[in-house]
Amino acid sequence: MTNSSLSSVLKSTVLVSLLALAGCGKDDGSASLKIGEEALESGDSEKAVRHLMTSLEVAPDNVDALVLLGEAQYNLGEPVNARKTALRALELAPNDVDVIELAAKTAFLAKDYEQAESLYQSLCTSDRDAKLRSRGLTGLGILDMARMPTAGENAHFYRDRARTRFLLAIRADAMSAAPRYHLALVYREWGYYGIARDNLAQFLHLDKLENKAGSDRAKRVSSRLLPELDDLISQDALQVKGADKRNASACATALAKAKAAWAKKAYRDARTAYEQAYLADVLCYEAAVGLAKSWETVDPSAKGLAEALKYYSAACKIRPSIRNVILKTAEIAVKLGRHATAVEAYSRAVAAAPKDITAIDGLIRALRRTGQAKSADVYQKYRDALGVRTK
């Protein structure tokens, strides 16, 4: 070989090396991966699938590409393909958090609830980041919601567990919007319309922090779910006997008399005036509570307590977030041996104040007395997770 030939070979070798360094060598799939990732971020899942598939033809074991492809397929409503992709990624990287989350939600779509439960549980271990635990708990709660329609007599158990899982998800990450949304859906099904509305309002605030433009879910909440809840709240109020004949002026006059009599400890006169106020406006919270207290004070017998319970219950429906009145309702129900009524009251108290140990303990006792041991165990586990007594 001549010196000139050697020089040509060396020049050619250097050129190939430089081209490879410049990205002009053998395709490793990274260019297609980048395009696919950008397409997915911009919302073009079809384009993302095309380029990610191209990337995987070159590098079939690239976990990042598999996760992105699975997300794109999930977005396109291709559950079979998305799950197949997720399972391949899970096989390659079983401890990767992104892989686990993708595999869990594709298992959920495939109605493989057992695998989805196992995967979401793996995100909830104590060594996980709080935000990750929150996402895992939210996923578990959604699973319980999905089980409810076909659970028969166990539907209450799944509903109770879904609720506590969402509450624990919020406790783990108070800034996460998703558990607020799903907790609101549980409360809507429960008939706790006011508290459901409160949670949706909090969801909208948190979603705006997460997505400045607002998510599709947030738009649906604003345009459909909140108006529906407002209608349900109005319908509930109108179903109260006498709600169509409210007289605010007469109610106010009677309330003034009732308060004056109560201040003088003329409790029977106060009861009569509170009754007049309540009859004038059956949606007046102050009149309902005053009448309940009057009955409880004037006649502490079973008959008097039954009347007090009736009006405390009415007050709870008017304002479902007043913890003290809800707890009083539950307390009287227990005294009267009406444990099913106590379950409902304590349950509403937990909805109003999720970390109130008094309400949680009362609910646990009432559930056991009504034979709902599985649900009682759910709330015992929730109570234990709260640790220090707080209100």
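**Notes on the predicted model**

1. Lys-265 counts as exposed, since its relative accessibility is 61% and the cut-off for that class is over 50%. The model is a predicted one. Lys-265 sits in the loop that joins α13 (248-263) to α14 (267-280). Its phi is positive, about 65°, although Lys-265 is not a glycine.

2. Lys-111 can be read alongside that residue. Its phi is near 60°, again a positive value in a residue other than glycine. Lys-111 belongs to the loop between α6 and α7 (113-122). With a relative accessible area of 64%, Lys-111 is exposed.

3. Is Ala-107 buried or exposed? Ala-107 is counted as buried because its relative accessibility is 0%, and the class takes residues under 20%. The residue is part of helix α6 (residues 97-109). Leaving aside residues up to four places away in sequence, Ala-107 touches Arg-83, Asp-112, Gln-115 and Ala-116. The C-alpha atoms of Ala-107 and Val-80 are 9.7 Å apart, with a sequence separation of 27 residues.

4. Helix α4 covers residues 63-75, 13 residues in total. From its first C-alpha to its last it reaches 18 Å, close to the 18 Å expected at 1.5 Å a residue. The buried residues of α4 are Val-63, Ala-65, Leu-66, Val-67, Leu-68, Leu-69, Gly-70, Ala-72 and Gln-73. Their cover includes α2 (30-41), α3 (45-58), α5 (79-92) and α6.

5. On the overall fold, the secondary structure of the protein chain consists of 20 helices and zero strands. The chain is more spread out than a compact globule, because its radius of gyration is 30 Å, well over the 21 Å that the globule rule gives for 391 residues. Along the principal axes, the C-alpha atoms fill a box of roughly 125 × 40 × 35 Å.

6. Burial and contacts were computed for the whole chain. Of the 391 residues, 43% count as buried. Among contacts between residues at least 6 apart in sequence, 54% join residues at least 24 apart.

Terms used. Residues are numbered from 1 along each chain as its sequence is written. This is a predicted model: local features need pLDDT of at least 70, side-chain atom pairs count only at pLDDT 80 or more; totals for chains, interfaces and linings use all residues. Side-chain values use heavy atoms; hydrogens and water are left out. Helices (H or I, at least four residues) and strands (E, at least two) are DSSP runs, numbered from the N terminus. Buried means under 20% relative accessible area, exposed over 50%, partly exposed in between (1.4 Å probe, protein chains only). Contact means heavy atoms within 4.5 Å. The radius of gyration is taken over C-alpha atoms; the globule rule is 2.2 Å times the number of residues to the power 0.38. The expected span of a helix is 1.5 Å times one less than its number of residues.
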